[in-house]
Structure formats: C-alpha cells, structure tokens
Amino acid sequence: MPFLARILTALALMSPLITAYSHAADGSPTITVGTQEVGLTAGYMLPHRLTRDHTTKQQGVAFMPSWMMTITDPISDGWFRGQVSIGAEMVYIQFQEPFLTHGLGFTPKIKYTFVGLDRIRPYAEFAGGPFWTDLAGKIPEESSRFNFVLTAGFGVSYFLTDRAALNIGYRFHHISNAGTRYPNLGLNASLPFGGFSFFF
Amino acid sequence: MMSQIFSRPLIGSVLAMTLGMGTGCSHWIDLAAPTDTALPASATVATDARVPLLLETIRVTHNGSSIAPPAILERQVLGAIESTRLFSQHYQSGYTQPTGNQVRVTVRLSIDNLVEPHAGQAAWRGLLVGASMFTLAPFIPLHYDYGSQMSLEMERWDGQTKHYTSTSNGSAHYYLFGANPEVIEQLKGQVTEACLSSLLNQVIQDSPFFLTGSTQPQDHPIRTVSVGVRRSSPRATPISQPITDSSRR
C-alpha cells in the first residue's frame, strides 16, 4: 500500500499543474475524427475469489499507458450520444500479494465516450490481449506464464482543458490462459483507477 | 522461445506492415466532379462599370440543422467572390456598409452541408482492427463523406435577382494510423472550394447583368479588368489526391 500511496500522491501533485494549465487554455473539448489520445492510468488491483477453488488473494498496483484514436463523430442524439475510439494499452501489474511478481500485457481497446455533458464525459471501455506473468505457476489457479487479460469497465473523464482530461473509473479484470494449460481457473479482480489523458 | 512460436517470415511481415503503415499513403481524398459542367468562364469588363457587392447573409445547415456560419467560411466566401474581380468593392453585413444610395449587388448565400461519417461502419471496422491486434489496420480503410449544396441569390440595385445553385461532394479515405482531423478539414475545404468555384463560374457567365451601363465617354479610353474564377486546382475528372505526411501538424 505505501507504493499505491506514492502513486496517488504523484497524481495529486500533477493535478494542480494541469489545473493551472487549464486557466491558460480554457475551451470546450472538440474531439473529432482522427483526434488521438495518450493517457497514463494507475490503479490498485483487488482480488475477487468467485468460487471455492479460488484461494489466491492477488493484489498490487497497475500502470496502464494507452493510446487511442477517435474514429467517429458523435453518434446519435440524446443522452447516449457519443463517440467511438479504438487503440491499445500496455498493462503492467506488480503483484505484491501473495508473492512479489510481475505481469505485462498488451491489449487492443475500444471505448465509447458519452459526449452529452460537455466537459464531463462518461465512458465505457473494453480491452483484451496477451498477458505474461510470473505469478502463474506459483498459485493454484494458473499454470502457464502466457495468459490473456480481459477487462471491461467504465469511467468518467473531466476535461480540465480542451486537450487534457482527468479520468477516474473502475474495471473488472480477468486473467486466464484460454485453456492452453491446466489448471486454468482464472484470476479475477477489481481495478479502480485514476489518470490523465492528453488529446492532440 | 520467441522463434519457436513465431517464424522469422511472420515477424518480418509484421515489421514490414508496421513500417508500411507509418510511411505509406495512409489517407486520400476523392472529390467528385461538380454537377456544373460548364467550362471555366472569363470575361473582360470595364473597371468603372463594376459596382460594390454586399454579402448580406450566409445561412448554413449541417445535416438539416441550422448552424452559425463559421467565420472562416465567411472569409472563404468573401475571398472567393473578391478574387473574381467582378465587383469594385466588397462589403459584409455587420461591418462597414456601402452608402444607402450607392448602386450595389446584394448577395444571399445558402449552404446545405451533408455529412456522412459512416460512424457505425467505422466502429465495426475499428473493432475488427483492434481484434486483429492492428495487423489488419493497413488493409481496412475508413471513410468520411461530405457534400455541399449552395444556393446563391444575387439582387441587383434595381431589384432584379438571379439564382444560382451548385453541388459538390467528396470522400476522405484513411487507415487507422493515418486518421487526422486535418484530413476531414481538408475534405470540407476542398468540397466547399469546388462548390464555390462552380457557383461563381455561373455568376461570371452572367457578368454583364451585374455591371452598370457604360459610363465612359466614347472618346475616353476604357480601363478594363479580367474577371473569372480563380481555381486552386484543375477540375474536370474526379481527383484522387494523396495527402503527403508533410501536411500533418
């Protein structure tokens, strides 16, 4: 947890800098087709043992640098008016429990952002891709180091400027090896996160 | 370990595709031929026969919804009219006006823009590209269509009016990594430019209608000026114009 505290402190320290920048360049966010987004997100993974066979309480910090490309203008009208963007994300997880181990993954990602509320933009996202971790083999749920990670979640972006946004949200994380080796019970976790995105 | 899983040709192909995505022609614009098939018009008119022009209104709709005309569009329209040199002075409503009794031509322009971003198709194709771990990105193009229909009403000082219409449309095609807001802006700019050129070409063909009668005495040499539509690019056949990466910001 001290490590998480350091991350949160860093994010908190960055916030005033971004806010100060927002006063210099105030404006409504205009995200159009072709707008790119780079972001850095950090969170803390909390385990879910969904069956009696799940015994591992894996937890640890996660870092997720990402890149997205907006590929649609706002779709439809009403409260669900929004834009689709696709991109990719690197996932690094430092498991601190039950063993200090690491995980690294690459996940293509799709995101739907609701644009009806101007600066406050909720979004839903889904990502999945290969994931390597040396935690596997040391726990009863997973046997192979090569796995896949699937995540689905939602969040809210608050645009501090027309080009920078603060994000917070929640993801459900699932790690398993798609039956390539057994046992393959899978690891499930919640991942509350926060971070920043920059649009250009 | 990697070589056991992935063969060298496979890795080479992926690297080649990645390089191709970064360096190849990743976006281009197709501009449809304008509906007006008249040849570019030009004329020589007496300088003193020209009258001032007042751009009174520009009404713009975007997929049927009225929007405030962007300032850049107003400048583009006024600039295009100005470049024909058919009128002696150019005024815009809300700015400096010609004097009340001054002979002038009043212009009212209506622009109906149609945007088809193919959002649903883009979303599905994007999903497919993501699911393929971006290996299909160089092979799945995304499209954005834009069309413009302009109606120009020109009212002479004596109340006589003439109406002109023009339609132009085009498509931007791009691959995921070639997407750029500028591609869409360039598409809109080119479609608007083509539509305006077509419209003003019709106006030039009617140029005597917008000139006052000869005010020069017969024995006085008449100064003249060539009028015509200044085209930024040749029209005729549809254009397939790759945009070089140097245009990207």
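**Note on the predicted two-chain model**

1. In this predicted model, the largest nonpolar core has 51 residues. Ile71(A), Leu53(B), Ala179(B) and Leu187(B) are the residues with the most contacts inside this core. Helix α5 of chain B, residues 181-205, gives the largest share of the core, 11 residues. There is also a second, separate core of 16 residues, and Tyr44(A), Met64(A), Leu135(A) and Val149(A) are among its members.

2. Leu187(B) deserves a look on screen. Leaving aside residues up to four places away in sequence, Leu187(B) touches Ile29(B), Tyr144(B), Tyr146(B), Gly170(B) and Ala172(B). Two of these contacts lead to the strands in the next point. Ile29(B) belongs to strand β1 of chain B, residues 27-31, and Gly170(B) is a bridge partner in β8(B).

3. His27(B), Ile29(B) and Leu31(B) point to one face and are buried. β1(B) pairs with strand β8 of chain B, residues 161-174, in the antiparallel sense over 5 bridges. Within this pairing, Leu31(B) has Gly170(B) as its bridge partner.

4. As one example of the pairing, strand β2 of chain A, residues 59-70, is joined to β3(A) by 10 bridges, and the two run antiparallel. Phe63(A) has Tyr92(A) as its bridge partner in β3(A).

5. Two figures describe chain A as a whole. Of its 200 residues, 34% count as buried. Among its contacts between residues at least 6 apart in sequence, 62% join residues at least 24 apart.

6. The contact between the chains takes 15 residues from chain A and 19 residues from chain B. On the chain B side, the elements giving two or more residues are α4 (119-131), β7 (142-155) and α5. The largest share of that side, 8 residues, comes from α4(B). By type, the chain B side divides into 16 nonpolar residues, 3 polar and no charged.

7. Helix α4(B) can be checked for length and packing. With 13 residues, α4(B) reaches 18 Å from its first C-alpha to its last, close to the 18 Å expected at 1.5 Å a residue. Its buried residues are Ala122(B), Ala123(B), Arg125(B), Gly126(B), Val129(B) and Gly130(B). These buried residues pack against β3 (82-97) and β4 (101-114) of chain A, together with β7 of chain B.

8. The backbone after α4(B) has some positive phi values. Most residues other than glycine have a negative phi. Met133(B), which follows α4(B), has a positive phi near 55°. Phe134(B), in the loop between α4 and β7 of chain B, has a phi near 70°. Phe134(B) counts as partly exposed because 19 other C-beta atoms lie within 10 Å, and a residue is buried at 20 or more.

9. The loop between β7 (164-176) and β8 (187-199) of chain A holds Pro183(A), and Ala178(A) lies in that loop too. The peptide bond joining Tyr182(A) and Pro183(A) is cis, with omega about 5°. Ala178(A) has a positive phi near 60° in a residue other than glycine. Ala178(A) is partly exposed, with 13 other C-beta atoms within 10 Å.

10. Another cis peptide bond runs from Glu97(A) to Pro98(A), with omega near -5°. Pro98(A) sits in the loop between β3 and β4 of chain A. For comparison, most peptide bonds are trans.

11. Gln76(B) lies in helix α3 of chain B, residues 71-84. The C-alpha atoms of Gln76(B) and Glu193(B) are separated by 8.2 Å, although the two residues are 117 residues apart along the chain. Gln76(B) is partly exposed, with 15 other C-beta atoms within 10 Å.

Notes. Residues are numbered from 1 along each chain as its sequence is written. Chains are lettered from A and ligands numbered from 1 in the order in which they are written. This is a predicted model: local features need pLDDT of at least 70, side-chain atom pairs count only at pLDDT 80 or more; totals for chains, interfaces and linings use all residues. A nonpolar core is a set of buried Ala, Val, Leu, Ile, Met, Phe, Trp, Tyr and Cys residues joined through C-beta atoms within 7 Å. A residue is buried if 20 or more other C-beta atoms lie within 10 Å of its own, exposed if 12 or fewer, and partly exposed in between; C-beta atoms are placed from the backbone. Helices (H or I, at least four residues) and strands (E, at least two) are DSSP runs, numbered from the N terminus. Two residues are in contact if their C-beta atoms, placed from the backbone, lie within 7 Å. Ala, Val, Leu, Ile, Met, Phe, Trp, Tyr, Cys and Pro count as nonpolar, Asp, Glu, Lys and Arg as charged, and the others, Gly among them, as polar. The expected span of a helix is 1.5 Å times one less than its number of residues. Two strands pair if DSSP finds at least two bridges between them.
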